[in-house]
Amino acid sequence: MALPQTLRASVTPPELELVASQQLIEIIPMISMEKTAFISGAYGPLRPPNKAKIPLWMAVNLKMKKKCHIVAPDWLTADYLQERLNLETTDLSFSSLPFRFAEIAKVILDVASDDVENPDKIRSLLKDLREARQAKSREGLRTLDHSELTLSNLSSMEINEIRPYFIQSMSIMTQLVRNPAPDPLGHP
Amino acid sequence: MDFDYFSIEAILAENQKIQCTFKHAIPGMGHLGGGTERDIAMLSKIQIPMWLAYTVIYSDWADFNIPAAFGSKVRNALKAEACSVRLSGLVGAGGLWYGFGKTIMDILREEQANELSDMLTKAFRDRLVEVIDQAQHFAALGHASSGGGLSGNSAQSFREGLDTTERDLFSLAQESAKRTKNWYENNDSKRG
């Protein structure tokens, strides 16, 4: 294989960011633009001060040129994240968040932190969330066996981080575990 | 760790020696044990490599003993505290403790094989969390390969005792954690 070792096991975080950038997001444009056809579809028209839905990559591009304000998704608020964090620390399972929340939150906070209320608070909440969830996936590792693993509500970035070694560990276990003799009582 | 024909690890795992007790006298084959005698005498104990042992054992020319690396001493040590056993020191060059164990497991009879499998699986699972924890710790330090003396003695001795299979996992986890961390921390990339 021609790919370097590090790229074989999983995709890279920037690639995930690219994928997440296809998602639609609301903006308040400051320029007007007719409906325009792109490869992924037609977006627009942009009519200030009406809100419009365009892909994240386009919103970032316009934001960089100061031609729009990004409307943060309703989950990207300090209150909502605080509530998720409370759930995360009290409940044993992962709390449910949008699948690509890490990527989208980071992109928005990077380019449009002035459009978000209380960006520093949100940053620290996201960090706490990440740590709380990491501790849980570590617990998942403890209960790992050769055949299956269920960690629901795990987000794409988290899956990507643990994928290489979870897969490897499971394949090693598959080698080490012998197929159990069929149980006479019919248990699996 | 797959035991594919082309897997170097499988070849290394099969290169470990195993002690066989010959049931028949075999003339002219004394060189197998590396000794100077010309013949293999009946009931003589000879260390032969695993890849050769398959044929000898399956053809019922010899019996074999479970190597000390998987014997009761190691078993008890693993039961007491899996993380304090230095697996790499138990087997020779290559340090494929799990790989060697797997090859032994495959030639054992049912109940013994199950017992060995349980031991390998349990040891692997008990050590796994520690392997990943340390890998992530080292990824967080940033200069992974040079950070030997930073943590406690037991952590260092654990790292030195990692079996090759675990070493691979360590580097996978470290690489992945490092990449993700870089992404989270890097906020001026290409935009701007």
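User: How many residues of domain 1 of chain A are in contact with domain 2 of chain A?

Analyst: This is a predicted model, and contact in it means heavy atoms within 4.5 Å. By that cut-off, 13 residues of domain 1 of chain A touch 13 residues of domain 2 of chain A. The three residues L16(A), K63(A) and I70(A) supply 40% of the area that domain 1 buries against domain 2 in this chain, more than any other three residues.

User: What makes domain 1 and domain 2 of chain A two domains?

Analyst: The bounds come from an automatic or database domain assignment. For chain A the assignment gives domain 1 as 14-71 and domain 2 as 73-176. Their centres, taken over C-alpha atoms, are separated by 26 Å.

User: How much area do domain 1 and domain 2 of chain A bury between them?

Analyst: The two domains of chain A bury about 1200 Å² between them, with 71% of that area on carbon and sulfur atoms.

User: How is chain B divided into domains?

Analyst: Chain B has domain 1 at 17-66 and domain 2 at 68-182. Here 31 Å lie between the domain centres, again over C-alpha atoms. The contact takes 8 residues from domain 1 of chain B and 9 residues from domain 2 of chain B.

User: What area do domain 1 and domain 2 of chain B bury, and on which atoms?

Analyst: The figure for chain B is about 760 Å², of which 77% is on carbon and sulfur atoms.

User: Why are β2 and β3 of chain B said to stand at the edges of their sheet?

Analyst: The sheet has 3 strands in the order β2-β1-β3 of chain B; it is open and the pairing is antiparallel. Strands β2 (45-49) and β3 (62-64) of chain B each have a single partner strand, so each has one side without a neighbour in the sheet. On average, neighbouring strands here are turned by 40 degrees against each other, direction ignored. Strand β1(B), residues 17-22, pairs with β3(B) over 3 bridges in the antiparallel sense. In β3(B), A62(B) is the bridge partner of F22(B). Helix α2(B), residues 50-58, packs on the sheet in contact with β1, β2 and β3 of chain B, at about 120 degrees to the direction of β2(B).

User: How do you know whether the span of helix α6 of chain B agrees with its 32 residues?

Analyst: At 1.5 Å a residue, the 32 residues of α6(B), 110-141, should span 46 Å, and the end C-alpha atoms are 46 Å apart, so the two agree. The helix α6(B) does bend, by about 35 degrees at R127(B).

User: Why is the peptide bond from G44(A) to P45(A) called cis?

Analyst: Its omega is near -5 degrees. Most peptide bonds are trans. P45(A) lies in the loop between β3 (41-43) and β4 of chain A. A cis peptide bond also joins P48(A) and P49(A), with omega about 0 degrees. P49(A) is in the loop between β3 and β4 of chain A.

User: What makes K66(A) stand out in phi?

Analyst: Most residues other than glycine have a negative phi. K66(A) is not a glycine, yet its phi is positive, about 60 degrees. K66(A) is in the loop between α3 and β5 of chain A.

Key: Residues are numbered from 1 along each chain as its sequence is written. Chains are lettered from A and ligands numbered from 1 in the order in which they are written. This is a predicted model: local features need pLDDT of at least 70, side-chain atom pairs count only at pLDDT 80 or more; totals for chains, interfaces and linings use all residues. Side-chain values use heavy atoms; hydrogens and water are left out. Helices (H or I, at least four residues) and strands (E, at least two) are DSSP runs, numbered from the N terminus. The expected span of a helix is 1.5 Å times one less than its number of residues. The bend at a residue is the angle between axes fitted to the seven residues ending there and the seven starting there. Buried area is the accessible area (1.4 Å probe) that two parts lose on being put together, summed over both. Two strands pair if DSSP finds at least two bridges between them. Axes are lines fitted to C-alpha atoms, for helices over the stretch in contact, and angles run from 0 to 180 degrees between N-to-C directions.
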